[in-house]
Amino acid sequence: MKTGFIGLGLIGGSIARAVRHFYPDAEIIAYSRTRASVEQAVADGVVDRIPDGVGEDFADCDYIFLCAPVSSNAKYLEQLKPLIHSSCIITDVGSTKTDIHEKVTELGMEENFIGGHPMAGSEKTGYANSKRILIENAYYMITPTGKNPDGAVDRYRNFVASLKALPLVVDYRTHDYVTAGISHLPHIIASSLVNLVKDSDTENGLMKLVAAGGFKDITRIASSSPEMWEQICMTNRKNISSILGDYIVSLTQIQKELDNAEQGSIYHLFETSRDYRNSLPAKGSGALQPIYELYCDMVDEAGGIATLATILASNQISLKNIGIIHSREFIEAVLRIEFYDEQAMVQAADILRKHRYVIYER
Ligand SMILES: NC(=O)C1=CN([C@@H]2O[C@H](COP(=O)(O)OP(=O)(O)OC[C@H]3O[C@@H](n4cnc5c(N)ncnc54)[C@H](O)[C@@H]3O)[C@@H](O)[C@H]2O)C=CC1
Ligand SMILES: O=C(O)C(=O)Cc1ccc(O)cc1
């Protein structure tokens with residue numbers, strides 16, 4: 001099997017690593033704007049060869065993954081059209097799908113193109129942050145064109161599943177409607193909120209100084225790549241604008257309720273959102289990998305962490321990560337303990353409570 005990558009950053013690098021892991025004999029070629037990262041991928045044994053550009057070397061690929069920002073991906077289709085053989089599947093990983101599907105139709109490439117979008121990632125960019133397990137257990141949306149030959153969509157779906165992601169076949173317009181709500185609008189909200197705080201801060205920057213967990217939780221994604229998010233927003237403008245309009249209406253309503261001291265309505269806002277948020281699937285298949293963590297009050301004394309770690313180790317519970325939280329809202333020192341799976345986390349909470357530790361769960 002031969003797989004080609006165009007763009008080898010966080011997502012391209014992660015998929016290439018997964019292909020290398022599950023298909024050790026696969027031939028993998030990659031071209032990217034930043035040559036240094038592809039050179040690193042060759043040194044890591046992830047990529048076999050770096051073509052000079054998008055040319056003949058891609059001609060006999062079974063799969064070609066377009067993993068650059070969305071508008072750049074669409075531009076490569078034209079270059080690939082005269083090169084590819086009839087059973088090659090060109091796919092992309094872009095966060096928006098309508099734009100690239102329209103380009104595919106315009107170029108008459110519907111038989112060879114199947115859109116893809118792993119619902120996994122982070123605010124980080126670049127090959128250096130890529131990980132083989134990034135797409136593991138994450139939904140991977142697949143958007144066929146409707147003109148793919150018999151068996152092609154199943155072949156691609158099985159390939160995605162073999163990389164341990166969870167394939168989900170979706171119409172590309174539905175994809176863009178859904179992602180506008182759960183991904184694109186949240187990014188706009190996070191970034192605009194950060195800018196609002198920046199512009200509203202006191203002269204001595206007190207807001208920035210005391211910004212606590214809640215603010216940091218909901219604004220993490222504001223650290224994402226501006227280049228990538230500019231292109232996402234420009235290629236899903238209608239859906240984003242529509243849901244942004246609904247959001248503005250809901251904010252205006254909340255402002256009115258505050259101005260009129262409508263206590264019950266404000267309670268209702270927090271009650272309904274809490275219930276829906278708590279009903280989200282707890283693990284697997286989110287944009288983020290599940291995190292199994294506990295917080296524990298610590299008495300600030302030498303050997304405190306060692307004692308706790310020993311208790312867990314003597315119960316055969318492995319720790320993924322452990323650390324004291326420095327910037328926090330808690331009164332005492334608080335330890336954050338991360339586990340590999342849910343069972344270990346539940347068991348650890350039970351054991352530590354029996355040892356009289358105060359445990360907080362998320
Ligand atoms: N970051 C995330 O969490 C997710 C991103 N995506 C999609 O994945 C794609 C890539 O995003 P990331 O890997 O996060 O970005 P990234 O910035 O980590 O990687 C992009 C790569 O493409 C290369 N590149 C940029 N312009 C290029 C061009 N014109 N020709 C060739 N290579 C070019 C860059 O050098 C870099 O290696 C985007 O389309 C994005 O919408 C999808 C799911 C999650
Ligand atoms: O960091 C996060 O939580 C993300 O939201 C990552 C992400 C970014 C873009 C996508 O198209 C899908 C997932």
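The legends below describe close-up views of a predicted model of one protein chain with a ligand.

Residues are numbered from 1 along each chain as its sequence is written, while chains are lettered from A and ligands numbered from 1 in the order in which they are written. Because the model is predicted, local features need pLDDT of at least 70 and side-chain atom pairs count only at pLDDT 80 or more, whereas totals for chains, interfaces and linings use all residues.

**Figure 1. Overview of the protein chain.** The protein chain contains 13 helices and 11 strands; helices (H or I, at least four residues) and strands (E, at least two) are DSSP runs, numbered from the N terminus. Its C-alpha trace spans about 65 × 55 × 40 Å along the principal axes. Of the 362 residues, 30% are buried. A residue is termed buried if 20 or more other C-beta atoms lie within 10 Å of its own, exposed if 12 or fewer, and partly exposed in between, with C-beta atoms placed from the backbone. Among contacts between residues at least 6 apart in sequence, 71% join residues at least 24 apart; two residues are in contact if their C-beta atoms, placed from the backbone, lie within 7 Å.

**Figure 2. The open parallel sheet of four strands.** The strands follow the order β2-β1-β3-β4 and pair in parallel, where pairing requires that DSSP finds at least two bridges between two strands. At the edges are β2 (27-31) and β4 (89-92), each of which pairs on one side only. Neighbouring strands of the sheet are turned by 15 degrees against each other on average, direction ignored. Angles run from 0 to 180 degrees between N-to-C directions, and axes are lines fitted to C-alpha atoms, for helices over the stretch in contact.

**Figure 3. Bridges and side chains around β3 and β4.** Four bridges link β1 (residues 2-6) with β3 (residues 63-66) in the parallel sense, and G4 has I64 of β3 as its bridge partner. Four bridges also link β3 with β4, again in the parallel sense; here I64 is partnered by I90 of β4. In a regular strand the side chains alternate between the two faces of the sheet. In β4, I89 and T91 point one way and I90 and D92 the other way, and all are buried.

**Figure 4. Packing of α6 against α10.** Two packed helices are described by the angle between their axes and the distance between the axes. Helix α6 (residues 172-200) packs on helix α10 (residues 237-259) at an angle of about 60 degrees, with the axes 9 Å apart. The crossing is right-handed; a crossing bears this name if the near helix is turned clockwise from the far one by less than a right angle, and left-handed if anticlockwise. From α6, D176, Y177, A180, G181, H184, L185 and I188 meet N239, I240, I243, L244 and Y247 of α10. The contact of the two helices comprises eight nonpolar, three polar and one charged residues. In this classification Ala, Val, Leu, Ile, Met, Phe, Trp, Tyr, Cys and Pro count as nonpolar, Asp, Glu, Lys and Arg as charged, and the others, Gly among them, as polar. S183 also lies in α6 and counts as partly exposed because it has 19 C-beta neighbours inside 10 Å. The C-alpha atoms of S183 and I240 are separated by 9.8 Å, although the two residues are 57 apart along the chain.

**Figure 5. The shell around ligand 1.** Ligand 1 is surrounded by 29 residues, of which the closest are G7, G9, S95, G121 and T125; a residue is near a molecule or strand if its C-beta atom, placed from the backbone, lies within 6 Å of it. At least two residues of the shell come from each of α1 (10-22), α3 (70-80), β5 (115-118) and α9 (226-234). By class, the shell has 12 nonpolar residues, 16 polar and one charged.

**Figure 6. Antiparallel pairing of β10 with β8 and β9.** Strands β8 (residues 292-298) and β10 (residues 333-339) run antiparallel and are joined by seven bridges, with R336 of β10 as the bridge partner of Y295. Strand β9 (residues 319-325) pairs with β10 in the antiparallel sense over six bridges, and N321 stands opposite E338 of β10.

**Figure 7. Two loop residues with positive phi.** N137 occupies the loop between β5 and β6 (139-143). Phi of N137 is near 65 degrees, a positive value in a residue other than glycine. N137 is partly exposed because 15 other C-beta atoms lie within 10 Å. Q316 lies in the loop between α12 (304-314) and β9, and its phi is near 60 degrees, a positive value in a residue other than glycine. Because Q316 has 8 C-beta neighbours inside 10 Å, Q316 counts as exposed.
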